[in-house]
Amino acid sequence: MDRSGGADFLQLRRDEAPPHGLTAWLVERVRAAVAEGRLAPGAALPPTRVLARDLGASRGVVVEAWRRLADEGLVVARTGAGTVVAGTVPASPAPRPAPLVAVSPLPPVDVPRLPAPVPEGVDLDLSPGVPDLAAFPRAAWVRAERAVLAGASDADLGYGDPRGHPRLRTVLAAWLARTRGLRADADALVVVAGVAQTLALLGPLLDAASGAGTAVAVEDPGSRGAREALAYRGVPTVPVPVDAEGLVAAELPASGAGAVLLTPAHQFPTGVVLSPARRRAVLAWARDTGGLVVEDDYDAEHRYDRPPVAALQAAAPGSVLHTGSVSKSLAPGLRLGWAVPPPHLHAELVAARHAADLGGPVLPQLVLAELLASGAHDRHLRRVRTRQRARRDAVVAAVRAHLPGARVEGVAAGLHLLLTFPGRPGLDDTVLARRAREAGVLVHPLSWHRVRPGPAGLVLGYAASPPGRLQEAVARLGRVLG
């Protein structure tokens with residue numbers, strides 16, 4: 001294929017581009033062309049220097065656009081061939097029987113439900129999933145609440161739209177497009193009481209999804225709380241292994257599941273990012289089977305040493321239900337989140353939301369909209385990222401000092417990290433966690449978050465404690481491990 005010029009590529013014209021956000025505009029144009037079949041698998045993209053020249057833009061704009069598309073798995077760079085549209089995923093082998101594994105809604109009696117209260121005698125709580133609540137932007141929240149109360153109409157205090165207040169949905173749609181690359185407008189969003197409510201409403205969506213089964217494939221290891229939430233509502237789950245590239249998507253066809261629940265931007269608890277090849281494989285499975293991909297955007301806003309990873313929804317809005325919340329960015333007590341279902345499931349999700357509780361509280365929605373629109377939420381995120389990076393670094397340094405045989409994983413983003421112990425093959429992480437608790441340190445054994453047996457590990461949350469306390473906690477773990 002001739003790669004010498006870029007002037008005719010997708011008939012792009014600089015005068016049609018927005019004055020700002022040229023990279024995002026270019027990414028969206030290529031996404032749309034792939035989705036509509038105008039760019040077939042194997043089609044070559046113009047050289048970055050040539051297209052930049054023809055667009056009258058800097059080369060960095062095009063380089064960054066191609067990088068974002070590669071992160072999404074839409075394009076690949078090939079030696080001697082430049083950057084091309086990703087090919088189709090090879091056909092999966094014939095499915096082999098795999099029994100569904102339904103997790104009991106209640107854990108064993110010696111394992112606490114999550115989240116759990118801090119046991120007596122524990123003074124260092126390193127439970128994962130807890131943000132820095134002391135950093136909650138109280139002053140900004142009060143200012144926004146005053147502005148909302150001064151401007152709220154009488155109608156705003158009624159039951160309102162079960163999809164959520166239009167003001168919040170409008171602001172959220174723009175924020176998600178800017179920060180996560182979502183392809184959705186305000187009418188596509190549904191405001192929910194956190195990701196937990198999205199999971200609670202998933203059963204009716206599986207019933208409504210054409211061709212989908214009733215089971216949900218889940219990451220293993222993965223969020224035990226999510227598995228329990230699904231099982232409590234009678235939705236069986238099928239564990240699918242996670243490795244260094246994320247969910248092993250090749251096992252999805254044999255699972256018999258009609259949906260898969262993923263944390264692709266920062267997998268819980270391993271911290272890995274779903275690789276481009278696995279992203280393509282998951283989306284191909286959804287396309288070929290009519291399955292639903294449930295994307296829990298876990299920890300996506302907290303990153304330190306790597307660029308953001310685009311949401312899966314942007315690549316396949318007809319197959320992906322994207323869900324997220326402010327539980328990790330502001331506070332879980334707000335019970336505020338969002339769900340962006342595929343268009344064919346939108347009506348079912350709204351009906352299920354209405355039946356659950358008639359819709360969420362309106363005033364907190366309007367306050368969140370004010371924080372997002374004013375930029376206060378983004379400023380808050382920048383502040384807490386700085387604090388969390390320092391805390392992450394303190395834990396890593398303490399592990400090197402006090403647990404020299406441990407391997408630290410998942411440190412580039414998020415609010416937790418994973419410790420594994422490759423030199424201790426017989427280690428029982430539940431015993432280690434119990435001894436740590438007796439020493440006043442609360443951590444999660446990795447086995448709590450597994451269905452199938454696997455290597456031992458500890459999951460440590462670091463966002464809620466200052467560096468000195470984190471160093472003391474790791475020092476105690478070192479003494480416990482011996």
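## Salt bridges across the chain

A salt bridge is counted here where a side-chain nitrogen of Lys or Arg lies within 4 Å of a carboxyl oxygen of Asp or Glu. The structure is a predicted model, in which local features need pLDDT of at least 70, side-chain atom pairs count only at pLDDT 80 or more, and totals for chains, interfaces and linings use all residues. Residues are numbered from 1 along each chain as its sequence is written, and side-chain values use heavy atoms, with hydrogens and water left out.

Under the salt-bridge rule the count is 21. One of these pairs joins E28 to R183, with 3.5 Å between the closest N and O atoms. This pair links distant parts of the chain, 155 residues apart: E28 belongs to helix α1 (residues 22–35), while R183 sits in the loop between α5 (166–180) and β4. Helices (H or I, at least four residues) and strands (E, at least two) are DSSP runs, numbered from the N terminus. E28 counts as partly exposed because its relative accessibility is 29%, and R183 falls in that class at 26%. The classes are buried, under 20% relative accessible area; exposed, over 50%; and partly exposed, in between (1.4 Å probe, protein chains only).

## Further charged pairs

R163 and D187 form a salt bridge whose closest N and O atoms are 3.7 Å apart. R163 lies in the loop between α4 (138–151) and α5, and D187 in the loop between α5 and β4, so the pair ties together parts that are 24 residues apart in sequence. R163 is partly exposed at 22% relative accessibility; D187 is partly exposed with a relative accessible area of 48%.

Elsewhere, salt bridges connect D123, R469, E472, R476 and R479 in a network.

## The open sheet

An open sheet of mixed pairing is built from eight strands in the order β4-β11-β10-β9-β8-β5-β6-β7. Strands are taken to pair if DSSP finds at least two bridges between them. The edge strands, β4 (190–192) and β7 (246–247), each pair on one side only.

Strand β5 (residues 216–220) runs parallel to its partner β8 (residues 259–262), with three bridges between the two. In this pairing A217 stands opposite V260 of β8. Helix α11 (residues 346–357) packs on the sheet, where the helix touches β4 and β11 (337–340), and its direction makes about 35° with that of β4. Contact means heavy atoms within 4.5 Å; axes are lines fitted to C-alpha atoms, for helices over the stretch in contact, and angles run from 0 to 180 degrees between N-to-C directions.

## Nonpolar cores

A nonpolar core is a set of buried Ala, Val, Leu, Ile, Met, Phe, Trp, Tyr and Cys residues joined through side-chain atoms within 4.5 Å. The largest such core has 44 residues, of which F9, W66, L252, V260 and V293 touch the most other members. Two or more residues each come from α1, α2 (48–55), α3, β8 and α10 (276–289), and the largest share, six residues, is from α1.

Apart from neighbours within four places in sequence, W66 is in contact with F9, L26, V30, L45, P46, T48, L51, V75 and T83. A second, separate core contains 33 residues, among them A140, W175, L368 and L372.
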